[in-house]
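This report describes a model in two parts: how each chain is built and how the chains meet. Please consult the sequence and the structure shown here while reading.

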Amino acid sequence: MTSGCPKSNMASYDMSLKVIMEPLPLTEPVLLILLSLAGQPRHGYSILKDVEQMSDGRVVLSTGTLYGALRRLLDDDWIEPFKEQDNSRGRQAYRLTARGRRNLQAEASRLKHLARLANLRMVKEA
Amino acid sequence: MLRLYRCLLLLYPADHRVRFGKEMVAVFQDVHAEATAKKKIARIFFCLRETTGLLAGALQEHLRAMGATPVWLPIPTRRLFMRSEFRFPKATAVLMTIILAGVVMAIEKGEGIVASLSASPHFHFFPGVMLMLGVVYAAGVIGWAILFAMRRSGVHRLETSADQK
């Protein structure tokens, strides 16, 4: 079953999963929200626009969905409020915590691993 | 729309409203201002997306407040947030409607002919055979229309490109 996939890579992947023990995989909207916050702190509207842009208009979040996800991420300590100089319009910015960044990296590794596996298998099939 | 949004926000648990209410309204105002400049269909989708998002969000927050583990709602609200890459050609819908109308008219005409022939004392026809012919004809036309639509949508190209790889 594991032919075509280097054993060392598989072992390191399992290891990283054991160390992290976080609820992966993430849904696409949550992953995009985290990616949006990976570069810089952002407020709600900026996250919505960035998610839409990153997905080429395929993922368009509603404010209800966005703030449901933000609340979960805040409660799980993946993101934290970020104090901006100008928050006069009730805009609150958020940024990734160390934990959130670590989990995002773990998810990126997981996806990279899957993509590599898919490539290997598809090349083999062809 | 803002008034409706504020009303729907009341469905959320109080702690969520206190924590995020002002912020959600501010973001909604920004998104709404942008949506008003778009076409009517985009505005309708915007309203649907926001309404279902708030309803689903309020339900999830209440479940969370009751101590339930987060659940995914059985209603497919994600369809409103995530757009499929698949594009169905608009012309196909028009074409299929015309074909369907043609099939219905042909069946009605056939039934009329069968009725007039069976009423004639000189000619006895089998209405069952005519009906069967009509059904077979309709099935053939619908099958052709589906194949035509798939070809127009480019599904056959996916298979071709997969073969090439």
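## A residue of the core and its surroundings

Apart from its neighbours within four places in sequence, Ile33(A) contacts Ile47(A), Val51(A) and Ala69(A); two residues are in contact if their C-beta atoms, placed from the backbone, lie within 7 Å. The model is predicted: local features need pLDDT of at least 70, side-chain atom pairs count only at pLDDT 80 or more, and totals for chains, interfaces and linings use all residues. Residues are numbered from 1 along each chain as its sequence is written, while chains are lettered from A and ligands numbered from 1 in the order in which they are written.

Ile33(A) also belongs to the largest nonpolar core, which has 30 residues. A nonpolar core is a set of buried Ala, Val, Leu, Ile, Met, Phe, Trp, Tyr and Cys residues joined through C-beta atoms within 7 Å. A residue is buried if 20 or more other C-beta atoms lie within 10 Å of its own, exposed if 12 or fewer, and partly exposed in between, with C-beta atoms placed from the backbone. The members that touch the most other members are Ile33(A), Leu48(A), Val51(A), Leu66(A), Leu70(A), Ile79(A) and Val27(B). Two or more residues each come from helix H2 (28-39), helix H3 (44-54), H4 and strand E3 (93-96) of chain A, and from H2 and H3 of chain B. H2(B) contributes the most to this core, with six residues.

## Composition of the chains

Chain A contains five helices and three strands, in the order α-α-β-α-α-β-β-α along the sequence. Helices (H or I, at least four residues) and strands (E, at least two) are DSSP runs, numbered from the N terminus. Of its 126 residues, 27% count as buried in chain A. Among the contacts in chain A with a separation of 6 or more, 53% join residues 24 or more positions apart.

Chain B has seven helices and zero strands. Of the 165 residues of chain B, 13% count as buried. Residues 24 or more positions apart make up 57% of the contacts in chain B with a separation of 6 or more.

Helix H4 (residues 63-75) of chain A has 13 residues, which should span 18 Å at 1.5 Å a residue, and its end C-alpha atoms are 18 Å apart, in agreement. The expected span is 1.5 Å times one less than the number of residues in the helix. The buried residues of H4(A) are Thr63(A), Gly64(A), Thr65(A), Leu66(A), Tyr67(A), Gly68(A), Ala69(A), Leu70(A) and Leu73(A).

Asp77(A) lies in the loop between H4 and strand E2 (79-82) of chain A, and counts as exposed because 11 other C-beta atoms are within 10 Å. Asp56(A), in the loop between H3 and H4 of chain A, has a positive phi of about 55° and is not a glycine either. Asp56(A) counts as exposed because it has 9 C-beta neighbours inside 10 Å.

## The contact between the chains

The contact takes 22 residues from chain A and 23 residues from chain B. On the side of chain B that touches chain A, helix H2 (14-35) and helix H3 (40-65) of chain B each supply at least two residues. H2(B) gives the largest share of that side, 10 residues. The residues of the side of chain B that touches chain A divide into 11 nonpolar, four polar and eight charged. Here Ala, Val, Leu, Ile, Met, Phe, Trp, Tyr, Cys and Pro count as nonpolar, Asp, Glu, Lys and Arg as charged, and the others, Gly among them, as polar.

The axes of H4(A) and H3(B) come within 7 Å and cross at roughly 30°. Axes are lines fitted to C-alpha atoms, for helices over the stretch in contact, and angles run from 0 to 180 degrees between N-to-C directions. H4(A) and H3(B) are therefore roughly parallel to each other; angles under 35 degrees count as roughly parallel, over 145 as roughly antiparallel, 65 to 115 as roughly perpendicular and the rest as oblique. By class, the contact of H4(A) with H3(B) has three nonpolar, seven polar and two charged residues.
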